[in-house]
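Hi everyone, thanks for coming. Today I'd like to walk you through one structure and the place where its ligand sits.

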Amino acid sequence: MLLLGLESSCDDCSAAVVEETPAGPLLRSMIRRSQDELHGPYGGVVPELAARDHLLNLGGVTAEALAQAGVQLKDLDRVAVTQGPGLVGSLLTTFSASKALAWRAGLPWVGVHHLLGHLNAARFGAPDLEFPALVILVSGGHTHLYRAESWTHLELLQKTRDDAAGEAFDKTARMLNLGYPGGPIVDRCAQRAETAAKLFTPPKFRDGKPSWSFSGLKTAMKLRIASDPGLDVAGPEDPRVQSLCRSLNETVASWLLKPLPDYAQAHRARSLVISGGVACNSELRSQAAKVAKRLGLRLAIPEPRLCTDNGAMIASAGALLPLPESPWSTNADSDLKL
Ligand code: KG4
Ligand code: ZN
């Protein structure tokens with residue numbers, strides 16, 4: 001089965017051609033148009049600008065993906081698109097365009113939950129993954145831990161009470177005037193640190209409910225930066241900045257992985273999947289490898305370009321989903337539930 005996957009739920013506009021084979025999905029092409037320059041001056045995504053830019057880019061991105069794969073619309077068997085959750089304007093642009101495209105070309109069409117997409121990014125490298133799996137989906141908008149029974153069934157185990165982990169990276173980079181988007185910059189800076197990192201203290205929850213929280217980490221970081229005059233403008237070459245970035249890397253990685261031993265045992269998990277933009281993080285990837293080995297779990301973290309939002313993961317999930325009965329009356333949903 002040959003699919004076109006389209007994704008623009010936030011600030012990236014991406015199209016990919018994926019071939020679903022008996023051995024799993026094969027990536028035939030993937031194009032991504034980033035909006036980093038557009039949102040950089042604001043230090044975060046401006047929803048209205050994002051939607052307008054998708055409108056300008058979507059046609060070109062799609063044509064490029066088809067051309068790079070050497071296929072035409074008529075060769076496709078299915079169009080898959082992100083249905084939600086996400087920024088409503090960003091979602092609607094590509095959602096509506098994908099329906100028009102599929103209808104015009106007479107192609108089957110399917111809407112995909114964004115988080116199911118992130119999970120299915122792992123199918124490219126680990127199509128034979130064994131279930132049940134523990135799945136950490138961690139990005140600028142989500143920090144959720146699921147139990148997956150299959151590639152299309154997720155059951156929530158715990159999530160953040162406030163900010164997503166990616167937010168801690170983006171805001172730290174902003175407070176240190178390092179640039180946008182923060183995650184990759186903080187990560188690169190952390191890898192240059194020579195001094196050992198000092199971990200931030202994990203939050204304690206009075207109700208004892210298993211969850212994460214990252215808003216306090218942002219505040220702790222703010223206080224830490226304010227306590228060291230000039231740190232906010234010292235830049236990425238400064239060893240103090242590098243050490244602080246390393247602290248953030250190590251803190252976030254250790255917090256994210258901490259609940260795994262308990263869940264792995266309780267759910268008799270066989271695998272661990274980590275996906276979403278923050279799964280690009282070098283420290284998280286290396287700590288996860290050690291934790292998975294210790295727990296006897298098979299680890300599946302997609303390659304970095306498949307961890308961040310992309311059309312390939314949507315096609316990968318879309319290949320496994322049943323087609324909707326009345327596709328043309330389906331709507332995008334910024335708060336789509338799993
Ligand atoms: O999945 P994604 O592309 O979009 C959302 O659905 O949010 O994730 C973007 C998030 C941003 O917060 C970005 O700073 C973070 O992923 N990110 C990273 C790294 N690369 C991207 N965070 C930490 N380390 C990285 N290397
Ligand atoms: Zn995402």
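I'll begin with some ground rules and then turn to the ligand.

This is a predicted model, where local features need pLDDT of at least 70 and side-chain atom pairs count only at pLDDT 80 or more, while totals for chains, interfaces and linings use all residues. Residues are numbered from 1 along each chain as its sequence is written, chains are lettered from A and ligands numbered from 1 in the order in which they are written, and side-chain values use heavy atoms, with hydrogens and water left out.

So, which residues come nearest to ligand 1? Of the 18 around it, those are Gly140, Asp170, Gly183, Gly277 and Asn281; "around" means having a heavy atom within 4 Å. By type, the shell has four nonpolar, 11 polar and three charged residues. Here Ala, Val, Leu, Ile, Met, Phe, Trp, Tyr, Cys and Pro count as nonpolar, Asp, Glu, Lys and Arg as charged, and the others, Gly among them, as polar.

Now the polar contacts, meaning pairs of N or O atoms within 3.5 Å. Asn281 has a side-chain N or O atom 3.0 Å from a nitrogen atom of ligand 1. For Asp187, a polar side-chain atom also lies 3.0 Å from a ligand nitrogen atom. With His118, the distance from a side-chain N or O atom to an oxygen atom of ligand 1 is 3.5 Å.

Technical notes
Polar contact = N/O pair within 3.5 Å; in protein donor to acceptor, adjacent residues only side chain to side chain.
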